[in-house]
Every structure is written in structure tokens, then in C-alpha cells.
Amino acid sequence: MELTLIRKLQDEVGLTHEQAKLAVACIREYIIEKQGDPDWDTFLKVKASNYAEKAKETGQQLSEKANHLRDKAIDALDDFSDKTQEKIKDLRSKAADFIAPDED
């Protein structure tokens, strides 16, 4: 885990390898001094649980959005179909009037 943090400090913050190692060591010492030796297993399990919950929530939100968009598309297609049917009836009526006009 420390190597990952060191690489992240190098890549994202622009620290040299030595500076990143010193920063991680300083943070580690501070945590131990203030809170005792951290329980990394519990920390990581909580983080993993939080990420899993966030992923689940995001999946539900995406599903709801997809369902909403699907419903909108279906409504639009139904409306388009209704309008098309009306135009077809109108064209048939006009064609029938053109082919066999009413004789009064």
C-alpha cells in the first residue's frame, strides 16, 4: 500500500521518490502517534464496503435513468405511430376522393 501511495504522490503531486517516501513516513508516524497503530484490515474493509455501496447506488441510479429514457422513447414512438396512422388514413381518404370523387 505504501508503494502505491508513493507512486501516487510522485505522479499526482510531483514529488521525487525520496520526498514521497518521507511524506508517507511522516504521515505514518503521525497516525501512530495520535491514534496508535492503525488497523489497516478494518480500514480497507470499510473502504471496500463504502465503494461497493457507492457502486450499487450508482448502478441503481443508472438503471432508473435508463428506464426513464426507455419510457420516454416508447412514448415518443407511440406518439409518432399515432400521427403516422392518422396521416395514412388522411392520405387514403384523399386518394379515394381523387380516384372516385363523390357524384352528387
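User: Which residue follows H1, and is its phi positive or negative?

Analyst: This is a predicted model, in which local features need pLDDT of at least 70, side-chain atom pairs count only at pLDDT 80 or more, and totals for chains, interfaces and linings use all residues. Residues are numbered from 1 along each chain as its sequence is written, and side-chain values use heavy atoms, with hydrogens and water left out. Helices are DSSP runs of H or I with at least four residues, and strands are runs of E with at least two, numbered from the N terminus. After H1 comes Gly 14, and its phi, near 90°, is positive.

User: How far apart are the end C-alpha atoms of helix H1?

Analyst: The expected span is 1.5 Å times one less than the number of residues. Helix H1 (residues 2-13) has twelve residues, so it should span 16 Å. The model agrees, with the end C-alpha atoms separated by 15 Å.

User: Which residues does His 17 touch, not counting those up to four places away in sequence?

Analyst: His 17 lies in helix H2 (residues 17-35). Its C-alpha atom is 7.0 Å from that of Ile 6, eleven residues apart along the chain. With contact meaning heavy atoms within 4.5 Å, His 17 touches Ile 6 and Gln 10.

User: What is the radius of gyration of the protein chain?

Analyst: The chain has three helices and zero strands. For 104 residues the globule rule gives 13 Å, being 2.2 Å times the number of residues to the power 0.38, with the radius taken over C-alpha atoms. The chain is more spread out than a compact globule, because its radius of gyration is 33 Å.
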